[in-house]
Amino acid sequence: MSYTNKSFEELDVIDDFLINAIATDEEVGVPFCRRLLSVLLQKEIHDIRVIAQRTLPAPIPGLRGIRMDVEIEESIPNSSIPVANVYDLEPHLQQNMHIPKHNRFYQAKIDSRYLKSGETNFSKLPNLYVITITNFDPFGYDYMMYTIKNQCMELPELDYDDGLRFYYFNTNGAKGGSKEIKAMLQYIQESKESNATDSATKEVHDYVSKVKVSPEVKIEYMKFDELMAYAELKGTEIGIQKGMEQGLQQGLQQGLQQGLQQGQLDERINSILELLEEKGIISSELQEKIQSEENMDILKSWFKLATKVDSISEFISKM
């Protein structure tokens, strides 16, 4: 995921909020995703269904779930399975994280959803394309795109078709790709009319423009204070649930208030720890210090700090 301090008017497609707003728009969401995928992957995209900001919970408590930016399911005519291809589309502006292992975890979680319990025919598993878009070079070779697939080391020519592909798009890359991909990546990074230089980017710019004039979307973004609004919302939901349970025993009003406060504390602590997990190994001492903090103002300041630092050591020195 990617977060930004830009104003609403300054948002680009690479920003998490805007790409989700466009993808979920009833009018332009599907054609926007179809055009974006067809250019980046240089292939025809058939009937698709778009789901944005989908949360996949962990299978058991204590393990980490994931939250995808945009998930796209594609159906192909005459295919033997309802969903032939799944595309996970993720902008990433945060550096200093291990993106390959991050994506390996996401891929496993996504795959687990597409086979029913007891199913033994693994050919029903759809193809999965994990698409990461960054404004930096994740591998350092100045390519605008890197395509990764599993293969046999002893026999590179062996067709090992497991249906899995990882695509890494670098909006600042110079090598590889094509003129169409380069134009689209430049527009994704800086989504202004002057960067709409061919038919595909002009079409995408029309979709972006339609969403940006929506007063509902603008109001929603005004309430979107980085991840803080999301954390507060989830904390409130957890708090209400806890409060209702406690209210049965000690009075509904008191239980709701206590549960809401504790839920907000728990969600803020979990948000801080999830951000720090992507920056290194969290020591038991640091984890205990964060989990034992009960002052919401301190937790808010630690959360903002965790979004800005590049390492665990920097977080500790500034907290």
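# Reading accessibility, salt bridges and confidence

Mentor: Start with K192, which counts as partly exposed at 38% relative accessibility. Buried means under 20% relative accessible area, exposed means over 50%, and partly exposed lies in between, with a 1.4 Å probe and protein chains only. This is a predicted model, in which local features need pLDDT of at least 70, side-chain atom pairs count only at pLDDT 80 or more, and totals for chains, interfaces and linings use all residues. Residues are numbered from 1 along each chain as its sequence is written, and side-chain values use heavy atoms, leaving out hydrogens and water.

Trainee: Which side chain meets K192 in a salt bridge?

Mentor: The general idea: a side-chain nitrogen of Lys or Arg lies within 4 Å of a carboxyl oxygen of Asp or Glu. Here the partner is E190, at 3.1 Å from N to O. E190 is partly exposed too, at 37%.

Trainee: How many salt bridges does the whole structure hold?

Mentor: The search finds 7. One of them joins the side chains of E27 and K210, at 3.7 Å. E27 sits in the loop between helix 1 (16-23) and helix 2 (29-41), and K210 in helix 5 (residues 199-212), so this pair ties together parts 183 residues apart in sequence. Helices (H or I, at least four residues) and strands (E, at least two) are DSSP runs, numbered from the N terminus. E27 is exposed, at 57%. K210 is partly exposed, at 45%.

Trainee: Which residues of helix 4 are buried?

Mentor: An α-helix has 3.6 residues a turn, so residues three or four places apart point the same way. In helix 4, the buried ones are I181, A183, M184, L185, Y187 and I188. Their cover includes helix 2, strand 4, strand 5, strand 6 (164-170) and helix 5.

Trainee: What about the chain overall: how much of it is buried?

Mentor: Of 319 residues, 44% count as buried. The chain has 11 helices and 6 strands. Contact means heavy atoms within 4.5 Å. Among contacts between residues at least 6 apart in sequence, 62% join residues at least 24 apart.

Trainee: Which residues form the nonpolar patch on the surface?

Mentor: A patch takes residues with over 30% relative accessible area and no salt bridge; like charges are joined within 9 Å, nonpolar side chains (Val, Leu, Ile, Met, Phe, Trp, Tyr) within 5 Å. Here F139, Y141 and Y143 form it, with about 310 Å² together. Areas come from the Shrake-Rupley method with a 1.4 Å probe; for residues, only the protein chains shown count as cover. F139 lies in the loop between strand 4 (127-134) and strand 5 (145-148). F139 is partly exposed, at 32%.

Trainee: Where is confidence lowest?

Mentor: pLDDT is the predictor's confidence in each residue, from 0 to 100. The chain mean is 83, and 82% of residues reach 70 or more. Helix 7 (residues 228-250) is lowest, at a mean of 54, and helix 4 (residues 179-189) is highest, at 97. Over residues 226-231 the pLDDT falls below 50, yet this stretch has 18 contacts in the model beyond near neighbours in sequence. Where pLDDT is low, the predicted coordinates should not be read in detail.
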